[in-house]
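This report covers a pocket and its lining, then a sheet, then the overall dimensions of the chain.

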Amino acid sequence: MIESEAHARMLADAIQRITSDLGVPYIFKASYDKANRTSIKSFRGPGLVEGCRILRAIGESTGLPVLTDVHTAIDCPAVAEAVDVLQIPAFLCRQTDLLIAAAATGRAINVKKGQFVAPWDMRHAVDKIRESGNERVSLTERGASFGYNNLVVDMRALPVLRGFAPVVFDGTHSVQTPSAGNGVSGGQPEFIPVLTRAAVAAGVDGIFLEVHDNPAEAKSDGANALHLNKLKAVLEQLLAVHHAVN
């Protein structure tokens, strides 16, 4: 999430230095609005107009491709002018009007698999985008609901999803404990390296990581975020696994 323009720029630059040193392609992601926060009191971001201005400015100044979430069909055209990739949030992966509107922009579309959706059913989200004239679609695995306030990752989902489109594994939201207490989601970030290594070994096309320089003070998803100072070591492990498997 965009907490402030200065903070977003700092993270974009810091992560770009790390990924550049390691030769890892990097797409910067931040949200202008988190419309699915647990509590009405939670910080949502700067909003559409200011958020898109910030995202466009970061993309132009760094040369990085930029990705952000879209929650409503009406936002898609404006957001597409500011970023390179539109992301459909997990809770909205079956929203036909949103998928079609995103596809119509011509931008690449990343659809996060809903926690409530079987992996083989994600073919329908892919079909909605492709049949709307856009072949640039990928899918992201972020775990499945396992009882209340808990997620589990079934690695068998990765090859299933990869049969429909390129697949990204979300290593940080997969360790989230949704709405676990007091209207705020918790998390188990100590398992981020374990799950991401397993996903890379299983075969994926990319990794998503929520990274923050001070997770304890983050305004969104801090409990499941990877600390910035741990990013390089995790990426080095993932590269080693990738090279070993391939």
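By class, the residues lining the second largest pocket of this predicted model divide into nine nonpolar, 18 polar and eight charged. The lining comprises 35 residues, and those nearest the pocket centre are Asn36, Phe91, Gln176, Ser185 and Asp221. Two elements give two or more residues each to this lining, namely strand S9 (176–181) and strand S10 (184–187). The largest share, three residues, is that of S9. The volume of the second largest pocket is about 620 Å³.

The chain also contains an open sheet of seven strands, in the order S1-S2-S3-S4-S5-S8-S11 and with parallel pairing. Strand S1 (28–29) and strand S11 (206–208) are its edge strands, each pairing on one side only. The partner of S11 is strand S8 (residues 167–170); S8 and S11 are joined by three bridges in the parallel sense. Within this pair, Val168 stands opposite Gly206 of S11.

Helix H4 (residues 96–104) packs on the sheet, where it touches strand S3 (85–88) and strand S4 (108–112). The direction of H4 makes about 175° with that of S3.

Several elements named above are listed here with their residue ranges.

| Element | Residues |
|---|---|
| Strand S1 | 28–29 |
| Strand S3 | 85–88 |
| Strand S4 | 108–112 |
| Strand S8 | 167–170 |
| Strand S9 | 176–181 |
| Strand S10 | 184–187 |
| Strand S11 | 206–208 |

Over the protein chain, the secondary structure amounts to eight helices and 13 strands. The radius of gyration of the chain is 17 Å, close to the 18 Å given by the globule rule for 246 residues, so the chain is as compact as a globular protein of that length. Along the principal axes, the C-alpha trace spans about 40 × 40 × 40 Å.

Conventions. Residues numbered from 1 in each chain as written. Predicted model: local features only at pLDDT ≥ 70, side-chain atom pairs only at ≥ 80, totals over all residues. Heavy atoms only, no water. 1 Å grid on protein atoms, 1.4 Å probe; cavity = no way out; pocket = protein on both sides within 12 Å on 5 of 7 lines; lining within 4 Å. Points joined across faces, edges and corners; volume = space filled by probe spheres on them. Helix = DSSP H or I, 4+ residues; strand = E, 2+ residues; numbered from the N terminus. Nonpolar A, V, L, I, M, F, W, Y, C, P; charged D, E, K, R; others polar. Pairing = 2+ DSSP bridges. Contact = heavy atoms within 4.5 Å. Axes fitted to C-alpha atoms, helices over the stretch in contact; angles between N-to-C directions. Rg over C-alpha atoms; globule rule 2.2 N^0.38 Å.
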